[in-house]
Amino acid sequence: MAFKWLDFKITNRCNNNCLYCSNQDQPDHPEKLPADTISNTIRDAIQLDFTHFAFLGGEPSIRENVDQLFTPLHDHDKDVQSVMAITNMHVFNVNLYRSIFQSKSRHAQIVASIDSLKEPNYKNQKTGLTLQYLDKIQDISKQYSDLGRREVHVHSVISRENITDLYNYVKYFESKNIEVSLAMVEPYELVETPHRYNEFTRKEIYLIVSQLERLDREESLNWANKVLLNYITNYILDGLRDRFVCTAGKNHVVIEPDGYVYPCLTESYRMGLNFGNILNESFNNIYTKMANFQCKSEHQQTCWDHYLWTELDKLR
């Protein structure tokens, strides 16, 4: 089975002001990518045998006519494995949800980016309203179950606001039949006296590990979280610096809201090496330039993603 993953940030506009997010445009800011540029790029990626699509931003739920962007996902003859849209749940956009669930893919998800059920929280979310939205989206997903696996998923960043609650948090959503995927906030720092959201003591990292191990013993740890447990144990605690055979530019590609195409998250975060812009040429042409890309950077924290991609690649 082929494995190519596209992270496509379809807007840089956002209706929130998360503590650890920056450089987002205000909701009234003009879009940087026209709708036809986005849909043509998706069509190219499908024809290039990309099998996994993640749409994010910014906040994709505030993109106008968002359902029109995804029409290529509804009419193709390829074997698309998964399609997801990642949202902060501040608005309820039924067109977004239905468009993702209607995609011609084996697995379709609306991924809710939630880190804590406490208030106040780093993402300024109203817990009661967020949970209501989740229930409604879950009901919508069932209407499309004949098309394949359709579901709501929760993605949570491990930070200072939730390090003691991970076990109960995952178990709570498990009781609602909703899977949670966890990730370390990036960049994290190990310090003696933590103050900021991304600073942890070594003892706190062990606390995270102990909760994940407990979930694992109870068979409540999904595959991605098992990879995270291995990553924390082998990389953060033991200082593993072994380079993986990086598949950047081959299996994982990032398109930023300004149209630039990067081979991986590390390059996109630091505005490093890009291979072109979909505003100026087709994604099909740009992708051919990436065939021989080899990462020459030192191992960085954002290479957690490649740790995950490497594990995914082993499943082929």
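Tutor: Start with the cysteines: a search of the whole structure finds zero disulfides. The model is predicted, so local features need pLDDT of at least 70 and side-chain atom pairs 80 or more, while totals for chains, interfaces and linings use all residues. Residues are numbered from 1 along each chain as its sequence is written, and side-chain values use heavy atoms, without hydrogens and water.

Student: How do you know that C18 is in no disulfide?

Tutor: The nearest cysteine sulfur, that of C21, is 5.7 Å away.

Student: Why is C18 called buried?

Tutor: Its relative accessible area is 14%. Buried means under 20%, exposed over 50%, partly exposed in between (1.4 Å probe, protein chains only), so C18 is buried. C264, at 2%, is buried too.

Student: What makes H52 buried?

Tutor: H52 has a relative accessible area of 13%, so the label buried applies. H52 lies in strand β2 (residues 52-56); a strand is a DSSP run of E, at least two residues.

Student: What makes the H52 and T51 pair a polar contact?

Tutor: Their side chains are joined at 2.7 Å. The limit is 3.5 Å between N or O atoms, one able to donate a hydrogen and the other to accept it; residues adjacent in sequence count only if both atoms are side-chain atoms. The pair therefore qualifies.

Student: Which residues beyond four places in sequence is H52 in contact with?

Tutor: F3, K4, W5, L6, Q81 and S82. Contact means heavy atoms within 4.5 Å.

Key
Helix = DSSP H or I, 4+ residues; strand = E, 2+ residues; numbered from the N terminus. Disulfide = S-S within 2.5 Å.
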